[in-house]
Amino acid sequence: RVKNNEGLRNINAENDEIEFQNVETPEFPNGINSLREKVAELFYADGICCDDKELNTILKFVVEKDGSLSEISADGEIPAFNKQAEIALYLLSDKFQKPGTVNGNAVRYVFRMPIRMRLE
């Protein structure tokens, strides 16, 4: 598989090191905490049967140039929790108000967001 990072990295031909450029991160309306709250509101906890009281996953997604989301995935120990986290993000109706940028140009941006929930 080949990934196109659209200018997020430059390869230094002399020693094959990857240099990250100054990337401005995408902005969600009312900030990242607003995104977390919206995901928590859309999360369907009744779909999870688990003995653990505290569940963790890391949501990974791409913020596209237009602020929409794609390539949503979750990585954690409980598959049902991962799936519900992915679904909550898919159900999100808001877009990012500003995409990631490099030198003023919009770019696709890989975003990682840890999720921790305590089920009672």
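**Reading the sheets and helices**

Author: Start with a sheet: three strands form an open one in the order S5-S4-S8, and their pairing is antiparallel. Strand S5 (69-76) and strand S8 (109-118) are at the edges with a single partner strand each, so one side of each has no neighbour in the sheet. From one strand to the next, the twist averages 20 degrees. Strands here are DSSP runs (E, at least two residues), as are helices (H or I, at least four), and numbering starts at the N terminus. This is a predicted model, in which local features need pLDDT of at least 70 and side-chain atom pairs count only at pLDDT 80 or more, while totals for chains, interfaces and linings use all residues. Residues are numbered from 1 along each chain as its sequence is written, and side-chain values use heavy atoms, leaving out hydrogens and water.

Reader: Over how many bridges do strand S4 and S8 pair?

Author: In general, strands of a sheet pair through backbone hydrogen bonds, parallel or antiparallel. Two strands count as paired if DSSP finds at least two bridges between them. Strand S4 (residues 54-63) pairs with S8 over 10 bridges, in the antiparallel sense. Opposite Leu55 stands Met117 in S8.

Reader: Which side chains along S8 are buried?

Author: In a regular strand, side chains alternate between the two faces of the sheet. Along S8, Tyr109, Phe111, Met113, Ile115 and Met117 point to one face and are buried. Buried means under 20% relative accessible area, exposed over 50%, and partly exposed in between (1.4 Å probe, protein chains only). Of the 120 residues in the chain, 33% are buried.

Reader: What lies across S4 and S8?

Author: Helix H1 (residues 32-42) does, running at about 55 degrees to S8. Axes are lines fitted to C-alpha atoms, for helices over the stretch in contact, and angles run from 0 to 180 degrees between N-to-C directions.

Reader: At what angle do H1 and H2 pack?

Author: Two packed helices are described by the angle between their axes and the distance between the axes. For H1 and H2 the angle is about 115 degrees, and the axes are 8 Å apart. The two are therefore roughly perpendicular, a label for 65 to 115 degrees; under 35 is roughly parallel, over 145 roughly antiparallel, and the rest oblique. Leu35, Val39 and Leu42 of H1 make the contact with Ala88, Leu89 and Leu91 of H2. Contact means heavy atoms within 4.5 Å.

Reader: Is Gln84 buried or exposed?

Author: Gln84 counts as buried because its relative accessibility is 14%. Gln84 is found in helix H2 (residues 79-91). Leaving aside neighbours within four places in sequence, Gln84 is in contact with Phe43, Tyr44 and Ile48.

Reader: Which strands form the sheet with the order S3-S6-S7, and what is their pairing?

Author: S3, S6 and S7 form that open sheet, with antiparallel pairing. Strand S6 (residues 100-102) and S7 pair over three bridges. Thr101 has Ala106 in S7 as its bridge partner.
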